[in-house]
Amino acid sequence: MRFAKRLDEVPPYLFAELERKIAEKRRAGVDVISLGIGDPDLPTPQVVVDALAEAARDPGTHQYPTNHGSDELRQAAAGFYRERFGVELDPASEIVPALGGKEAVGHIAMALLDPGDVCLSPDPGYPPYTSGPLFSGADVHYLPLRAESGFLPDLDSIPADVLARANLLFLDYPNNPTGAVVEPGYFERAVELARANDLVVVHDNAYSELCYDGYLAPSFLETPGAKDVGVEIFSLSKGWNMTGWRTGLVAGNFEVVERYRQLKTNLDSGMSEAVQHAAAVALTDEREFPREISEVYARRRDLLATGLQEIGLEVRSPRATPYFWIRVPEGHTSASFTELMLDQASVLVSPGDSYGPSGEGYVRLSLTVPDSRLEEAVDRITKTLVILQS
Ligand SMILES: Cc1ncc(COP(=O)(O)O)c(C=O)c1O
């Protein structure tokens, strides 16, 4: 058999690798605590589950959904954007449902990039910002995220010849994997850059609803001119504990939204009507749910920060996202520290370099495990590092 070369161009998907490692250990009878994957441990709001169950009983939901998405979900999304971000969106032309943010990232890359084009992708970054463009035959130009610049790419240092070939800029704040939040004025600069270079900005807003200490993350679409140059991908996965439901949306520039829909309708047939109804209920009746979940993560964040600081790790507590982005101790690489944690502490962390070359020297820890497991993980990490230091 012969397979397409595009599959050889990307490394094995990070989380597939991590899942394999956990399964191997667990088969050997080891109790592994996984802080590797950002998959919420708490359930979807009951009201949303009930809405799905009720909708699933209606035979009207059993057929193909419309490829534009249901009116109900698009109206609910417009209402959510108006109330949460003060952004006006036309439900008919500026919103289309997505089967989760990941699907949207991949398909938007395919809708915007031709072979020979360049995609500007943050490094470290969510892996589909690289695989999506590579599957489209485009080249990826990494934009390094450095601690000293608040993990925001330096938009003024992109070489002119790269900008001339670039057609897509991915940004995501609150950021995975660094946990960083955007600084005032940054999105404005991105709009300016896009205007000057005929770039499309795709802001992946997977984490705006998980914020702490009174911080509320903005939408890129709040930025003046944002709708002229780009779109935002929004996901219900993290804020409403709905990773398994595959619910999100693409909103903003009507041409990008339409081209994305056009591509998608050739490849998938959209989101089940019953799931769309449940997602609409989440965005209308459960708007406050992400605030409650954020309080749970804030408590866990403080627990983890205190534990790690006590053993001398350099820790910056995130203001949003369930992620800690931590420098590995002197003498370690991302890979050696990840291995040490798995072998000696039976704690799985994500090696920073798997998010891109600038992630080397870091690991990512996720707060998506119950408090008692997190306490146990801190205890195990502490014991391992104390033995190492003695
Ligand atoms: C930055 C970012 N975007 C998108 C996603 C995908 O979310 P989903 O496909 O579940 O909506 C994730 C998931 O971890 C993410 O970290």
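These legends walk you through several close-up views of a predicted model. Residues are numbered from 1 along each chain as its sequence is written, and side-chain values use heavy atoms, leaving out hydrogens and water. Because the model is predicted, local features need pLDDT of at least 70 and side-chain atom pairs count only at pLDDT 80 or more, while totals for chains, interfaces and linings use all residues.

**View A. The largest cavity has a volume of about 90 Å³.** The structure holds two cavities of 30 Å³ or more. A cavity here is a set of points, on a 1 Å grid over the protein atoms alone, where a 1.4 Å probe fits but cannot get out. Points are joined across faces, edges and corners, and the volume is the space filled by probe spheres set on them. Lining residues have an atom within 4 Å of a point. Of the 15 residues lining the largest cavity, Thr66, Asn67, Pro97, Lys264 and Gly270 are the closest to its centre. Look for β2 (95–98) and α9 (254–267), which each supply at least two lining residues; α9 gives the most, with three. Helices (H or I, at least four residues) and strands (E, at least two) are DSSP runs, numbered from the N terminus. The lining has four nonpolar, eight polar and three charged residues. For that sorting, Ala, Val, Leu, Ile, Met, Phe, Trp, Tyr, Cys and Pro count as nonpolar, Asp, Glu, Lys and Arg as charged, and the others, Gly among them, as polar.

**View B. The second largest cavity has a lining of eight nonpolar residues, with no polar and no charged ones.** Its space comes to about 40 Å³. Around it you'll find Leu308, Leu313, Ile326, Phe337, Val349, Val363, Leu365 and Ile381.

**View C. Helices α11 (residues 289–310) and α13 (residues 371–389) have axes that come within 10 Å and cross at roughly 10°.** That makes α11 roughly parallel to α13, a label for angles under 35 degrees. The axes are lines fitted to C-alpha atoms over the stretch in contact, and angles run from 0 to 180 degrees between N-to-C directions. On the α11 side, the contact (heavy atoms within 4.5 Å) is made by Arg299, Arg300, Leu303, Leu304, Gly307 and Leu308, and on the α13 side by Asp371, Leu374, Glu375, Val378 and Ile381. Sorted by class, that's six nonpolar, one polar and four charged residues.

**View D. Helix α5 (residues 128–135) is largely enclosed by the rest of the structure, because seven of its eight residues are buried.** Buried means under 20% relative accessible area (1.4 Å probe, protein chains only). The buried ones are Pro128, Tyr129, Thr130, Ser131, Gly132, Pro133 and Leu134. Their cover includes α4 (101–112), β3 (118–123), β4 (139–144), β5 (166–171) and β6. Just after α5, glycine 137 takes a positive phi of about 85°.

**View E. Leucine 193 sits in helix α7 (residues 186–197).** This leucine 193 counts as buried, at 4% relative accessibility. Skip its neighbours within four places in sequence, and leucine 193 is in contact with Leu155, Ile158, Leu163, Leu169 and Leu199. Leucine 155 is 38 residues away from leucine 193 in sequence, yet their C-alpha atoms are 7.6 Å apart in space.

**View F. Threonine 223 is found in the loop between β6 (200–205) and α8 (226–229).** Threonine 223 is buried, with a relative accessible area of 6%. Not counting residues up to four places away in sequence, threonine 223 touches Phe187, Glu188 and Val191.

How values were computed:
On a 1 Å grid over the protein atoms alone, a cavity is a set of points where a 1.4 Å probe fits but cannot get out, and a pocket is an open set with protein on both sides within 12 Å along at least five of seven lines; lining residues have an atom within 4 Å of a point. Buried means under 20% relative accessible area, exposed over 50%, partly exposed in between (1.4 Å probe, protein chains only). Angles under 35 degrees count as roughly parallel, over 145 as roughly antiparallel, 65 to 115 as roughly perpendicular and the rest as oblique.
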